[in-house]
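Take the sequence and the coordinates together while reading.

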Amino acid sequence: MPKNSKVTQREQSHEHVTESVADLLAHEEPLDYKSSSLNVGGAAGKKVPQIEVPENDGRPAWNSKLQYILAQVGFSVGLGNVWRFPYLCQKNGGGAYLVPYFILLLIIGIPLFFLELAVGQKIRRGSIGVWNYVCPRLGGIGMSSLMVCGFVGLYYNVIIGWSIFYFFQSFQYPLPWSDCPIRKNGTLAIVEPECDKSSATTYFWYRQTLNTTSTIAESGGLNIKMTLSLLVAWIIVCLAVIKGIASSGKVMYFSSLFPYVVLFCFLVRGLMLKGSVDGIAHMFTPKLEKMLEPQVWREAATQVFFALGLGFGGVIAFSSYNKIDNNCHFDAVLVSVINFLTSILATLVVFAVLGFKANIMNEKCVVENAEKILGYLNSNVLSHDLIPPHVNFSHLSTSDYAEMYGVIKTVKEDSFPQLGLEPCVLEDELNKAVQGTGLAFIAFTEAMTHFPASPFWSVMFFFMLINLGLGSMIGTMTGITTPVLDAYKVQKELFTVCCCIIAFLCGLLFVQRSGNYFVTMFDDYSAGLPLTVVVILENLSVAWIYGTKRFMQDLEDMLGFRPCIIYFYLWKYVSPLCLIVLISATVIEMAISPPGYNAWVQELAQERFQSYPPWALGMCFALIIVAMLPLPVVFLARHFNLMSDGSNKLSVSYRKSMMKDISNLEEQDEARFILGGKPGEAPSSGPARKPFLTPGGNKPMDSLSPNICYGTSYQNAAISPTTPTTPSTPLTPESDS
């Protein structure tokens, strides 16, 4: 700064002077401006200079827009698109389910996804920094988001580990799960009883892969194969995120695009299989009466919620590396549409393959029951007169069997149950709903054993699952590392490696022989309710505390155009109402449904529902409490001034931008810049902004500071250090007047 500047002159003076903004920013350490001389109480009517973050502020940036879009797509498109969405379609009315899903995508999904993209891009910080900036008392939102990311990352990478194990097992012909193992008992060779009672793929999953115990209380020790697979999974994730977006952005080119190649290959191959059209027709035959059930809308809202990755912090973290003028509205719509179309594509693939499997299983049922009927005919239990003359047992069709079954059932009405004959109806096979691991590791693997060149398709399928999971894990890890790296000066590579090592050690809980039950527990309790609460608080903090009008004005300044006015009403009223209903429905569902898990009972060779023991039930509720605990703790701590205002610990980019605004002080009257020419007056440092007309009237809105819940801002003008600081003001929503 020039020697003749007024700031320099006053620094050299021995007089007691008001400390300037430039003086405060000259300190090396971040300052707590809530207790500093910049706290002026946010007097009404004051216009304050706006922070414009420079493009070259030292923060990492995406190499290209394509890389960023692929990162967001990779994070939002995950395993749920392949094994959750098709199941919900089948369960909730087929094609009719798409109607509530699409409606909720428009009124909840896209607006809230747009909101997260916008706040991350504008404030250019991770989830903790963003919500500290918007409303410090609700700074616990970012911390809860980070906690949920940690819980989800722990068990989600276990699923990637399972996929890695199956991937390497697929390099065999025949596939190791295509036939039941043979047990030798002296000179006799018998089929493994547990496998014979279930199926080859089911046995391979529960016994040879997981080697699962019969209850969650029985640990069984570590499963060495799964432990090694989990270690490989964490090494891959660590290498992908170790250098931040510089490494993860490049990985996304492959991990985001490759699953689409595999899905299209599976769709083409699936459509060539016998019975695939039956599966697709069954899938998209709408059951319109289902649309009237509240449960369908609740599950559609939950799927929209998780499909876009709302509340995890990954969306905010990725967008924080964007340029300030990036069109995040276009990004929100594009990624949401891609996610929806990917779910439709995955559903087509899944039901084409399951239609083929259903036909195979139905034909097998017909053959087995035809052999029973032949046995009854040869033993004179049944009369040959019951068999229609055109039926040929050597070429028995499903329609011929259905006709024969109907005749026998009618004639032998009293003794029919003793015959043990099954109807073998294709519709029954198609109605067998499977989801999650049951779909990927049992139903789909069984279907692929009937494919020509089955090892190739198995390798492709599980490699696709690995890439889908990797894209989501990169977003989850970014949601953890970005907020911490923004807040603390730690080495990125060292912190990432430490996170992965700690996560691997904690993940050993899931690779015990009973680990599958803990995966189910974490999936049910660690994310659902806490994430819903996080997202509704995000919505309320922007729409009702920071202010929807102010946020719309920020968007206009940032994007260069005013978003459609419908967003005002969606953020202000529709989305919060829908989220409140969703939270209420989730709590009611948790209260009604008995907490428990499906345990694999080895003696019965089937799953049985079991209630959690008391210690496991306590663990379930502990997951919810721990994930949500930062919300009240941070609120109370900042309400009673026990914690500093995290929003005012400025990042380097903010300090640079503010120093840039103050570098021209020597050409201004500094006292007027700081204190205002008149009481209650401070000139704006930026170009004049046109008034923002609110939907409810034509009253223009002044440019206001952030952090409205405190009535403070590090953008405010300074006052004398001798002026006592006032206690923070309560959280009050912005007036619409």
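A salt bridge here is a side-chain nitrogen of Lys or Arg within 4 Å of a carboxyl oxygen of Asp or Glu. Over the whole structure, the search returns 8 salt bridges. The structure is a predicted model, in which local features need pLDDT of at least 70 and side-chain atom pairs count only at pLDDT 80 or more, while totals for chains, interfaces and linings use all residues. Residues are numbered from 1 along each chain as its sequence is written, and side-chain values use heavy atoms, with hydrogens and water left out.

One of the salt bridges joins the side chains of K65 and D331, at 3.1 Å from N to O. K65 belongs to helix 3 (residues 65-76) and D331 to helix 17 (residues 328-378), so this pair ties together parts that are 266 residues apart in sequence. Helices in this text are DSSP runs of H or I with at least four residues, strands are runs of E with at least two, and both are numbered from the N terminus. Are the two partners buried or exposed, or do they fall in between? The classes rest on relative accessible area: buried is under 20%, exposed is over 50%, and partly exposed lies in between, with a 1.4 Å probe and protein chains only. K65 is partly exposed at 35%, whereas D331 is buried at 0%.

Two further salt bridges can be described in the same terms. The side chains of K290 and E293 meet at 4.0 Å, N to O. K290 has a relative accessibility of 23% and counts as partly exposed; E293, at 33%, is also partly exposed. Between R562 and E556 the N to O distance is 3.2 Å. R562 is partly exposed, with a relative accessible area of 35%, but E556 is buried, with 9%.

The expected span of a helix is taken as 1.5 Å times one less than its number of residues. For the 34 residues of helix 22 this gives 50 Å, and the end C-alpha atoms are 50 Å apart, which agrees. Helix 22 is also mostly covered, since 29 of its 34 residues are buried.

Helix 8 (residues 140-169) contains F165. F165 is buried, at 8% relative accessibility. With contact meaning heavy atoms within 4.5 Å, and leaving aside residues up to four places away in sequence, F165 touches F204, Q208, T209, K225, M226 and S229. V232 is 67 residues from F165 in sequence, and the C-alpha atoms of the two are 9.8 Å apart in space.

Next come the aromatic rings. Rings of Phe, Tyr and Trp (its six-membered ring) pair if their centres lie within 6.5 Å; planes under 30 degrees apart count as stacked, over 60 as edge-to-face and the rest as tilted. The whole structure holds 55 aromatic pairs by this search. Among them are F456 and W457, whose ring centres are 5.2 Å apart and whose planes stand at 75°, so the pair is edge-to-face. F456 is partly exposed at 45%, while W457 is buried at 11%. F568 and Y569 also form an edge-to-face pair, because their planes stand at 75°, with centres 5.4 Å apart. F568 is buried at 5%, and Y569 is partly exposed at 35%.

Charged side chains can also sit over a ring, which requires NZ of Lys or CZ of Arg within 6 Å of the ring centre and within 35 degrees of the ring normal. R269 lies over the face of F451, at 6.0 Å from the ring centre. K572 is placed over the face of W544, at 4.2 Å from the ring centre.

Where is K572 found? K572 is part of helix 26 (residues 566-592), and is buried at 1% relative accessibility. Its side chain reaches the backbone oxygen of A543 at 3.2 Å. This is a polar contact, that is, a pair of N or O atoms within 3.5 Å; within protein, one must be able to donate a hydrogen and the other to accept it, and residues adjacent in sequence count only if both atoms are side-chain atoms.

R137 is found in the loop between helix 7 (127-134) and helix 8. R137 is buried, at 1% relative accessibility. The side chains of R137 and H639 are joined by a polar contact of 3.2 Å.
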